Amino acid sequence: MIVSLIALAIVLILMGISLKPMGLYMAAAFSDSRLDRLFLPIENILYRISGIRKQEQTWKQYIISMLLLNMVLLLFIYAVFRLQGILPLNPLDIAGMDPALAFNTAVSFITNTNLQHYSGESGLSLFSQLAAILFMMFAAPATALAVVIGFIRLLGEKPIGNFFEDFIRALVRVLLPISFIAAIVFVALGMPQTFSGAVHATTMAGAEQTILRGPIGAFLSIKELGNNGGGFFGVNSAHPFENPNAYTNLLQCWLMLLLPASLPFTYGKMIGKAKQGWMLFGAMAAVFLVMLTAGIAAEMQGNPLLHGAMMEGKETRFGVIGSVFYSIVTTAAETGAVNTMHDTLSPLTGLLALGNMLLNTVFGGVGTGFMNVMLYVMIAVFIAGLMVGRTPAFLGKKLEGTEMKLLAITLLVQPILILIGTAIAIYFPAGNGAISNPDYHGLTQVLYEITSSAANNGSGFEGLADATTFWNILTGIIMFLGRYISIITLVAVAASLAKKKAVQESKGSLRMESPLFASLLVGTFFLVGALTFLPVLVLGPIAEYVTL
């Protein structure tokens, strides 16, 4: 155990060292910089092929461009899933998807959720894995990165830019280079990378076994870097091909955190307030470390329902600490990949994983997670203004009626989707019939699935028979609304602030760089979370824990 904790500490330190350089690199990647000499020739080819014109857009044009591109891609991948039975690269002759499942899967991957109601290796052909799944694993995070950069530009009183240009830059300058290098490392560490079909082998007992393979190294690199999380295999990163050893396990955790945890530094650089970037990172990092420490402590105590079997549902090559670390990271970064079955976690560890998604601020997914953090920053500024009797101001701009209405809508979207979605699933027989565990744990299964959909995480508590038309349609709608409503409203807030004149700061102005504001921000995370979700958590994981 001591060795595992020392290794974990070293990995966390190395992660921390890499985040600021990555944040500064992304700030340079989305601006006119020396990187143009390296990447612009490639991008110009893509601009000519696609007919993209690099001209400034209004925020409404930016959002419409994002929505149109995403809808076109959604229709494309839906068609691939439905027609995969007659498309090439289908050595196992897998039939086309059911319409409801194809809808759910297409929405899942366009929204960067990667919720999988199918079994990866037996539900999709190689063509679908490459032309739809792998393709969307680049396109979905590139969309989120582009939007958050436009959002930050508006906060810094700059033009929002051009969505298509930012989308191309996200692909060419960030996602492709890093995932290419990571894929090489993964293959070197033992992951398969092949287009060959399955291997047929005879076991020592004389039984025939089919071992599926594929371009798994390339798949895994963007799966983790882009906070996608969808597995090539049904058991995700618990499969030895997707996660062969402790080294790949730690590298996957680092990739999951790399982009979302670097964005505070990107923000600080682009708006010229580096200290604010450090404050945001510090607040999120503090909550993350608390969640991780509590999760390890809870899981090391074991689960009395499982007779203290801490290794239940976990892989021996990772152990308890490696499994809990992965579980906290994947829910904190809204990735959704799993290397252990979350359904077998102790009630408190499951509560922490669920809490990460409910807060969606520690660190949140690529791009959209940081935008959600800025939502809480503005709420914290508003609360502080009420406490001292001053008009709340963010970055020198007054937060007034228009902004607060949009912020209130954004703040309520996720709770409405989660609580009403959970109620619908529990009420209708088609929903509650999927529960495999009675009482409190069954409620937690449903709550986790709905929360994972609304937060665009994609991990599952498992044990829930969710491969049905009811669950496919319900979670598909929730994933779609959870992704796009908050993007639109938060960009609208930033655009509204960009039009305003800055007010002069005084000695009584709230300094956002201060530890005091960081404490207020963390308090806002938990205050809003508790007021919104504590009752349903009491009925689920908390009740399960106290009744053990």
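Student: What should I know about the model before we start?
Tutor: It is a predicted model, where local features need pLDDT of at least 70, side-chain atom pairs count only at pLDDT 80 or more, and totals for chains, interfaces and linings use all residues. Residues are numbered from 1 along each chain as its sequence is written, and side-chain values use heavy atoms, with hydrogens and water left out.

Student: Why are helix 6 and helix 9 called roughly parallel?
Tutor: Let us take the values first. Helix 6 (residues 126–155) and helix 9 (residues 246–271) have axes that cross at roughly 30° and come within 9 Å. Helices here are DSSP runs of H or I with at least four residues, and strands are runs of E with at least two, numbered from the N terminus. Axes are lines fitted to C-alpha atoms, for helices over the stretch in contact, and angles run from 0 to 180 degrees between N-to-C directions. Angles under 35 degrees count as roughly parallel, over 145 as roughly antiparallel, 65 to 115 as roughly perpendicular and the rest as oblique. Helix 6 and helix 9 are therefore roughly parallel.

Student: Which residues make that contact between helix 6 and helix 9?
Tutor: Helix 6 brings L145, V148, I149, I152, R153 and L155, while helix 9 brings L259, L263, T266, Y267, M270 and I271. Contact means heavy atoms within 4.5 Å. By kind, the residues are 10 nonpolar, 1 polar and 1 charged. For these words, Ala, Val, Leu, Ile, Met, Phe, Trp, Tyr, Cys and Pro count as nonpolar, Asp, Glu, Lys and Arg as charged, and the others, Gly among them, as polar.

Student: What makes helix 1 and helix 10 roughly antiparallel?
Tutor: Helix 1 (residues 2–29) packs against helix 10 (residues 274–300) at an angle of about 165°, with the axes 13 Å apart. That angle puts helix 1 and helix 10 in the roughly antiparallel class. In this contact, L8, L12, L19 and K20 of helix 1 meet W278, F281, F288, L289, L292 and I296 of helix 10. The residues of the contact divide into 9 nonpolar, no polar and 1 charged.

Student: How do you know that helix 14 is roughly antiparallel to helix 17?
Tutor: The angle between helix 14 (residues 401–427) and helix 17 (residues 469–498) is about 170°, and their axes are 9 Å apart. So helix 14 is roughly antiparallel to helix 17. Their contact has 17 nonpolar, 7 polar and 1 charged residues.

Student: Why is F428 called partly exposed?
Tutor: Buried means under 20% relative accessible area, exposed over 50%, and partly exposed in between (1.4 Å probe, protein chains only). F428 has 39% relative accessibility, so F428 counts as partly exposed. This residue lies in the loop between helix 14 and helix 15 (429–432). F428 is 42 residues from F470 in sequence, and their C-alpha atoms are 9.5 Å apart in space.

Student: What makes G214 buried?
Tutor: Its relative accessible area is 0%, so G214 is buried. G214 sits in the loop between strand 2 (208–211) and helix 8 (216–225). Not counting residues up to four places away in sequence, G214 touches L126, P192, Q193, T194 and F232.

Student: Why does R169 count as buried?
Tutor: R169 has 4% relative accessibility, so the word buried applies. R169 lies in helix 7 (residues 163–188). Leaving aside neighbours within four places in sequence, R169 is in contact with A29, F30, S31, D32, D36, E43, R153 and V174.

Student: How do you know that helix 11 is mostly covered?
Tutor: Of its 14 residues, 14 are buried. Helix 11 (residues 319–332) reaches 20 Å from its first C-alpha to its last, close to the 20 Å expected at 1.5 Å a residue. The expected span is 1.5 Å times one less than the number of residues.

Student: Is N360 counted as buried or exposed, and why?
Tutor: At 10% relative accessibility, N360 counts as buried. N360 is in the loop between helix 12 and helix 13, and has a positive phi of about 55° although it is not a glycine.
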